[in-house]
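Me: I would like a close look at one part of this model, the pairing of charged side chains. Please keep it plain.
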Amino acid sequence: MTVQDRGSIKWTSLMLPEHVEMLKEVFVEYKEKPILDEQTMLEIDQSLKYALTYNVDIVLTYYEHGQFKVIEGKLAKIERFTRQIVLSNNCGTYVPLKNVLDVQIVS
């Protein structure tokens, strides 16, 4: 007589929905950083210069730790030596310039 194991089915009744959500957050799919072409980098540069000159809000898409993140705020300054963008939003966010993927001007 052989014992037939139910596998992971026997453990699913013990997991709470909160645990399942936490596990999904922990095992987030890692995304590769896309390589930007020269045209895109020029568009990002022009948008950043425009935002700095006219002090308008921007929506910044950037890459961080395998994820694409979006943040909104005003461009405070671009630090040339550390190569970072400083946003003057509620927490004063620093974003490395090499991680910027897209910049949209908010009208």
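What is the relative accessible area of E64, and how does E64 count by it?

Reply: E64 has a relative accessible area of 28%, so E64 counts as partly exposed, a class that lies between buried (under 20%) and exposed (over 50%), with a 1.4 Å probe and protein chains only. The model is predicted, with local features needing pLDDT of at least 70 and side-chain atom pairs pLDDT 80 or more, while totals for chains, interfaces and linings use all residues. Residues are numbered from 1 along each chain as its sequence is written, and side-chain values use heavy atoms, without hydrogens or water.

The rule asks for a side-chain nitrogen of Lys or Arg within 4 Å of a carboxyl oxygen of Asp or Glu. K69 is partly exposed too, because its relative accessibility is 28%.

By this rule the model has 4 salt bridges. One of them joins K74 to D57, with 3.3 Å between the closest N and O atoms. This pair links distant parts of the chain: D57 belongs to strand 1 (residues 57-64) and K74 to strand 2 (residues 67-79), with the two residues 17 apart. Strands here are DSSP runs of E, at least two residues long, and helices are runs of H or I, at least four, both numbered from the N terminus. K74 has a relative accessible area of 29%, so K74 is partly exposed. D57 falls in the partly exposed class because its relative accessibility is 28%.

Another of the salt bridges pairs E79 with K77, where the closest N and O atoms are 3.6 Å apart. K77 has a relative accessible area of 42%, so K77 is also partly exposed.

L23 sits in helix 2 (residues 17-26). Its relative accessibility is 41%, so L23 is partly exposed.
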